[in-house]
Amino acid sequence: MLSRPLNRPLNRPLSLALLRGRWTGLAGTFAALCLGAAILTASALLLTSAGPRVPARYAAVPLLVRGPGVPGEENNFAENPPWSPGTTEALVRALASVPGVAAVVPYRTPGPYGADGVRVIGLRTEPGADLSAIRAAAGRAVRDAGAGAARVLAGEDRAEAEPAADARTRWIGMQVLTAMALLGGFVSVFVVASTFAFRVVQRRREFGLLRVAGATPRQVRLIVYGEALAVGVVAAVAGALLGAAVAPAVGGVLVTAGFEPASFDVRITPLPLAGAVAAGIAAGLLGAWSASGRAARVRPLEALRDHAAGGTPMTRLRWITGVASVAGGLALAVASASAREDLRLSGATRRQVIAATAAEAVLVTGIGTTLGFAVAVPALLGMRAGLSQKAGAAVPLVIPWPAVAVVVTACLVLAAGAATLFTYGAISPRRPPFPRPGKAARGVGKGTAKHRP
Amino acid sequence: MRRTGTTQTTGQAVLLDSVRMVHGTGPGAVTALDGVSLGFAQGTFTAVMGPSGSGKSTLLHCAAGLDRPTDGTVLIGGVDLGPLGEKALTLLRRERVGFVFQEHNLVDALTAEENVALPLRLAGRRPGRDEVRAALAEVGLDRRAGHRPAELSGGERQRVAIARTLITRPAVLFADEPTGALDRAASRVVMELLRALVDAHGQTVVMVTHDPAAAAYGDRVVLLADGRLAGELDRSSATEIAARVALLEETC
């Protein structure tokens, strides 16, 4: 007991040495970063997996001839027009005479305005035939048949022949995933920021001691960053693994919810994983940024602070309020989503639904800010009175307006983001078919344009 | 330019010139130090005493560069602290000043050894284990190197704190009630240690205390009342010092 064997190196990084026995204090930060990185990883994997796929019905056909136009955001995901029966017949005849072509398969697909027709012609080739030569010859045959704008697709390019409905579904999925990734990032940065702010308050005496022992403000700042980096690396890697593990399941949910086409499946690739790890670490450092500044401003004499200063951080009232707020928030989110669906069913336009959503976000943030001030200001005034009495002079009440503005803006963004996520479920058609003629089609157009980033 | 400040040859380890310290502003302002001029010669051991509220701790904080006086000049090793920025002041403290508070001097998460090595680590040096052990040996704790503050007694913690100040060989060691939280026996060990540093190494020590027995280890006692100098004693016995302090408290 008297001389204990030393197994710890004397010169390991100070940030890590200071963390000894106190890793539990970083549990909140770890959880936030781990979940954030998991959400980012899952979103990134899903996003990179969400490219167009070669439709299953064309899997056995090596070459496809397709009319001009790709369904996309620009044309409201309109299916390209079919060839006229005459052109179809001429094309089939011309393609059949191309050497190496074993069979010509016109695919009849349903279209809007009751315009069924052929939009894609598949070419089966003879075994061992030279695909690129056939492709070139088919291109010439298409031009000779008077359908010059048509394109001959081979290999992965055949994905361009995906149905417009799939392209539309993928586009919606892209918005949802992007919103999910942004939310994940935002939330983790803010939670890390608040956990670190709390840690710095708790450790003012320790930072004061370090300042007395000769730490410059910059060194104190770096110690906080070092801690954020240490937690960030571990949490981001754990989060990335977690995200990769749940991504296929989330993909299944997205398909079920109609945010991705049935052909969607998740591919685990290294780049999104690496990106999410880097983003998780960056989120940790970003979250520690303001707290590190506050730590750097701790004066050496704060080493004399009373150990008990600050009191218990989590009073019972705070626990109750916190749990109640989370439960209330969840209930409201679900309720508002169904409320929007009702709005939509009762004939509100998309514009009205979106306006209602925006108003809600502003209202919620406004109420939250007011409540926050209502809670904080009396307590601050009480502290001020106490301090003034102790100091024998009036202590001014300083409200950090820039910080308040940043927090309020962030809450607004969060509220709007969360509301948009739920609103999507309410205002996007359950089974996105093809644009319908008349009013509804124009309505869809407007709604879509509204959401364009 | 700001980093080095002005250097003057004074022959004193620390020199205070007309130092005033006012806390707060307006009618409620409190004057903690009211024009104190005082020198601490190299290799001497000075005890600062006075009734509570006399400004002795404030004096020590100002002299050590932990706090900035409202008015007046503080020189440490001939360097004027006034024009130094926060970083330069920190570097000067790191190199020339050691400070021991009444308690809670050590970082709880670090072992005794790591606490002692802290100033060197912060200076960007990689201290050798021998160097750190030597500093701990000087306070008689080389066998407790791997222990954390919670595993040490109050007296041992104070001695580790002293070892930490010694590792940088500071021009002056400040101690604010270093025995204030210790029992008689532990106090005596700490005071004998401080005395030995002065005698053996010519260390300059400035100590605030309210304990006449501790002050009796000093070469001189400076008395403070209401933020002003209220007299001086050469090396005296605890009884003489106690009598003088009692007199001072009566007149206040």
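Colleague: How many salt bridges does the rule find across the interface of chain B and chain A?

Modeller: Three salt bridges turn up across that interface by the rule. Keep in mind that this is a predicted model. One pair to look up is A:Arg299 with B:Asp67, whose closest N and O atoms are 3.5 Å apart.

Colleague: And which elements of chain B give two or more residues to the side that touches chain A?

Modeller: Look at helix H2 (86-96), helix H3 (112-122) and helix H4 (129-138) of chain B. Counting residues, 40 of chain B are in contact with 37 of chain A. There are also seven residue pairs in polar contact between the two chains, both residues being at pLDDT 80 or more.

Colleague: What is the area buried between chain B and chain A?

Modeller: Interface size is often given as the accessible area lost when the parts come together. Here that comes to about 3,500 Å², with carbon and sulfur atoms giving 58% of it.

Colleague: What about chain B by itself: how many helices and strands does it have?

Modeller: Chain B has eight helices and 10 strands. Of its 252 residues, 55% are buried. It exposes about 10,200 Å², and carbon and sulfur atoms supply 48% of that.

Definitions and conventions:
Residues numbered from 1 in each chain as written. Chains lettered and ligands numbered in written order. Predicted model: local features only at pLDDT ≥ 70, side-chain atom pairs only at ≥ 80, totals over all residues. Heavy atoms only, no water. Helix = DSSP H or I, 4+ residues; strand = E, 2+ residues; numbered from the N terminus. Buried < 20%, exposed > 50% of the residue type's maximum accessible area, 1.4 Å probe, protein only. Areas by Shrake-Rupley, 256 points an atom, 1.4 Å probe, with all protein chains shown as cover. Contact = heavy atoms within 4.5 Å. Buried area = accessible area lost by both parts, 1.4 Å probe. Salt bridge = Lys/Arg side-chain N within 4 Å of Asp/Glu carboxyl O. Polar contact = N/O pair within 3.5 Å; in protein donor to acceptor, adjacent residues only side chain to side chain.
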